[in-house]
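Me: I've got a model open and want to learn how to read it. Can we walk through a few features together?

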Amino acid sequence: MKTKKKLHYAWVILIGVALMVGLTKAGLSTIGGLFLTPITTDLGIGMGSLTLYFSIASIVTMFFLPLAGKIIAKYNVRVVLVVAMLLQAGGFAAFGLMNSVWGWYIFCIPMSIGSVFLTQIAGPVLLNNWFKKHNGLALGIMVATGGIIGSILQPAAGNLIADAGWRNTYFILAGGVAAIVIPIILLTIRFAPKDKGLQPLGAEEVTDAQGNSEPQVISGVSFAKAKKSTAFIALFLFFFIITSIASFSQHLAPFAMANDYSIKFAGTALGIMQLGIVVGALSFGILADRIGARNTAIFAMILGIVPIIIFLLVPQSPAMFIVGVTIFGFITSSLGTLGPLLTSSLFGMKDYAQIYSLAAIGLAVAGILALPAYGFMFQLTGSYNSVLFVVLALLVINILLIIWAFVGKKKLLAQGAWEEVAVTTEAPKEAAVAAEPKNA
């Protein structure tokens, strides 16, 4: 008589990670664009000057990305993430007390340190530890959850700013997100399956007929070889450019208001954009599992051209504006889904966390340059048209980079750089992190 299979704890991890990443990203990290026009109007700060805080945040992110993978593997993951939550929420709330642009420059530092762990590193590393199969689907669900949360929080924040003011909105969002996320971290998050006496989801498929565990094989390119390859250069540049493209989402609210829409309409439009993120995240995850990360990434970049053309030709049509931001959200979701999937597709899982963490510095570099550059371009010209032409060019360049990256992968394969490492199922996927985990 067959016993009923229990739900694997990997799905609990996915729920916890998806809520944690979704709330901290949609509720704190990516919602800043809604505040830009009210703050610049209220305090008389230039758009370019204020958006420089995004650059400082990106510099901090760049320095902490290589450290974050090691820290999250070395120390108790729940303690690390709770501290990160306090730093991110505390820095965000402090913005509500500021009267000078220097306040944003200072308090974005602790906010960014916390955000590195919560929104960028924890999700891919934890899901790679727990999911031997359905990894693309898990990443898609994680990003989609963030989209669902954003579709609620973005219009709510727009209404709050209009009704309660931007200062109170900072306080409400910071307190609300922290109050929900900290219990989620403590109750659900565990670093690796061995912490629960389990194997990764799908590991049972590598047992023999007698039920004895056989060695798992983790394959891929070593970190030392990967970082010197043309495939890595292309991946780094892809991360830089896709982040530069996605960074325009922070300017969508000012772009809307520059076209005579209200802050409430901008919040609603950004909320609808999050629904595009939901569809995109799930679609890209499923597509990557079926047609590969390369083809999915190329499709995403081609599709991204559509909203830019809409914004250039018919920005003052409310219906078309909504269509544009929805498709743009679809493309923005590729950052969270395709980045990790392209990394594993190009280099395998052998030194995944080290390779991903180094390539992800491209995300931070893009933030340093793109976000304030867009702000200053608007400040100097009074229009976002020049920004839109830049984004259009970046989409085309990214298509070429994806092709170049996979040509580089073929070279690595021809050179015999792809290696296999046998590990037992009792030490699941520890090659997927940069250091031996010591979490309780």
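Predicted model: local features only at pLDDT ≥ 70, side-chain atom pairs only at ≥ 80, totals over all residues.

Me: How do I judge the length of α11, residues 263-291?

Reply: Compare the end-to-end span with what 1.5 Å a residue would give. Here α11 has 29 residues and covers 40 Å from first C-alpha to last, close to the expected 42 Å.

Me: Which residues make up the nonpolar patch on the surface?

Reply: Ile233, Leu237, Leu400, Ile403, Trp404 and Val407, which together have about 490 Å² of accessible area. Two elements, α9 (230-246) and α16 (385-414), each give two or more residues to the patch. The top contributor is α16, with four.

Me: Is leucine 400 buried or exposed?

Reply: Start with the cut-off: exposed means over 50% relative accessible area. Leucine 400 sits in helix α16, and it counts as exposed because its relative accessibility is 55%.

Me: What about the whole chain: how many helices and strands does the chain have, and what share of residues count as buried?

Reply: There are 16 helices and two strands. Of the 440 residues, 59% count as buried. The chain exposes about 16,800 Å², and 68% of that comes from carbon and sulfur atoms.

Me: And what share of the contacts with a separation of 6 or more links residues 24 or more positions apart?

Reply: For that, look at sequence separation. In this chain, 86% of those contacts are between residues 24 or more positions apart.

How values were computed: Residues numbered from 1 in each chain as written. Heavy atoms only, no water. Patch = residues over 30% accessible without salt bridge, like charges linked within 9 Å, V, L, I, M, F, W, Y side chains within 5 Å. Areas by Shrake-Rupley, 256 points an atom, 1.4 Å probe, with all protein chains shown as cover. Salt bridge = Lys/Arg side-chain N within 4 Å of Asp/Glu carboxyl O. Buried < 20%, exposed > 50% of the residue type's maximum accessible area, 1.4 Å probe, protein only. Contact = heavy atoms within 4.5 Å. Expected span 1.5 Å × (residues − 1).
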